[in-house]
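Please look over the sequence and the model before reading on. The paragraphs below go through it one part at a time.

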Amino acid sequence: MDIIGKGGQKMNSMDEARKILAICNHRSEDNSHDLLIYDQNSGTARCTKCGCTFTPLSSNAKPADDIKKVIDAIQTIKVMWPNMPEEKAEKLYSILPVLEDVDAIYREASYHMHMEELQAYKSKAPALKAI
Ligand SMILES: [Zn+2]
């Protein structure tokens with residue numbers, strides 16, 4: 001897989017492609033807008049920077065149950081494949097602590113988004129600045 005990096009350099013390893021997917025925040029360089037193209041039919045969004053396609057959740061969504069299912073799947077994999085190659089196991093099991101934190105981080109992100117929306121609203125309605 002060939003990927004053209006930010007500086008125009010050619011990257012050809014899957015690890016580098018995964019790294020780009022992992023660090024992309026789907027936002028423009030100046031963070032002023034997202035880089036998503038929304039498909040109204042499927043409800044998905046595709047990032048024009050990294051190519052990631054996902055279904056955005058509402059800011060009020062409660063992803064905890066879905067995250068628990070992923071954690072349960074990984075914990076079950078441990079039981080089903082106790083002698084998994086070390087490199088693969090290390091990579092997979094290292095995400096468990098991160099997954100445990102996702103629900104709390106989601107709520108925090110939702111709070112920040114609502115605060116930014118409130119600030120934008122106040123800036124458009126000067127009479128509300130005192131709120
Ligand atoms: Zn992206």
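What follows treats the sheet, a helix and a loop in turn.

This is a predicted model, in which local features need pLDDT of at least 70 and side-chain atom pairs count only at pLDDT 80 or more, while totals for chains, interfaces and linings use all residues. Residues are numbered from 1 along each chain as its sequence is written.

Helices (H or I, at least four residues) and strands (E, at least two) are DSSP runs, numbered from the N terminus, and two strands pair if DSSP finds at least two bridges between them. An open sheet is formed by 3 strands in the order β3-β4-β5, with antiparallel pairing. Its edge strands are β3 (36-39) and β5 (53-54), each of which pairs on one side only. Strand β4 (residues 44-47) joins β5 over 2 bridges in the antiparallel sense, and Arg-46 has Thr-53 in β5 as its bridge partner.

Helix α4 (residues 96-124) has 29 residues and spans 42 Å from its first C-alpha to its last, close to the expected 42 Å (1.5 Å times one less than its number of residues). At Val-102, α4 bends by about 40 degrees, the bend being the angle between axes fitted to the seven residues ending there and the seven starting there. Of the 29 residues of α4, 0 are buried, so the helix lies largely in the open; a residue is buried if 20 or more other C-beta atoms (placed from the backbone) lie within 10 Å of its own, exposed if 12 or fewer, and partly exposed in between.

Most residues other than glycine have a negative phi. His-26, in the loop between α1 (14-23) and β3, has a positive phi of about 60 degrees although it is not a glycine, and is partly exposed, with 16 other C-beta atoms within 10 Å. Asn-31 lies in the loop between α1 and β3 and has a positive phi of about 65 degrees; Asn-31 is exposed, with 8 other C-beta atoms within 10 Å.
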